[in-house]
Amino acid sequence: MKKKDKKKILFISSTGGHLSEMLMLSPMFEKYDYHIITEKTKSNMFLLEKYPNKVDFLLYGTKTHFLTYPFKLIYNTLKSLLLYFKIRPKVIITTGAHTAGPMCCIGKLFGSKIIYIETLANSKTKTVTGRIIYHFADLFIVQWESMLKLYPKAKYWGCIY
């Protein structure tokens, strides 16, 4: 199948465990015209070599960096908007967290399908990003059956590891 015939899929996540979970989906990459977005950290630079011309980065910053977080969130939201129009994905798949939230909102606004996979790390509580995206995701997946109590419209597909 030619690249232009493949559906454009954007995989986006924060760094760390969220990225590790998302990369478990890498067997899907060859089936689609994929693109990866995550946060720029030293530990993520290997992605540029492993997936040439398929990776973009946002600024790293969690809500625990309360002084700089609002500025990084604004910057990342604006950069996400630019990247969205560069990539034009039909589907956005994410394992969270904060980095993915703005892109999912932008994607939904412009007609992309949103697939959210709630992190394996939470088996009893909702994540902040999950709470927001649950309301508009086209498919919301949980990795623990117990999470169906918190997200009744979610689908339980088991662990992606």
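Met 22 touches Phe 11, Ile 12, Ser 13, Ile 36, Ile 37, Ile 93 and Thr 95, leaving aside residues up to four places away in sequence; contact here means heavy atoms within 4.5 Å. This is a predicted model: local features need pLDDT of at least 70, side-chain atom pairs count only at pLDDT 80 or more, and totals for chains, interfaces and linings use all residues. Residues are numbered from 1 along each chain as its sequence is written, and side-chain values use heavy atoms, with hydrogens and water left out.

Met 22 lies in helix α1, helices being DSSP runs of H or I with at least four residues, and strands runs of E with at least two, numbered from the N terminus. Met 22 counts as buried because its relative accessibility is 0%. The cut-offs are under 20% relative accessible area for buried, over 50% for exposed, and partly exposed in between, with a 1.4 Å probe and protein chains only.

Is His 18 buried or exposed? His 18 is buried, because its relative accessible area is 18%. Beyond residues up to four places away in sequence, His 18 touches Ser 13, Thr 95, Gly 96, Ala 97 and Thr 119.

Next, Lys 8. Lys 8 sits in strand β1, residues 8-13. Its relative accessibility is 32%, so Lys 8 counts as partly exposed.
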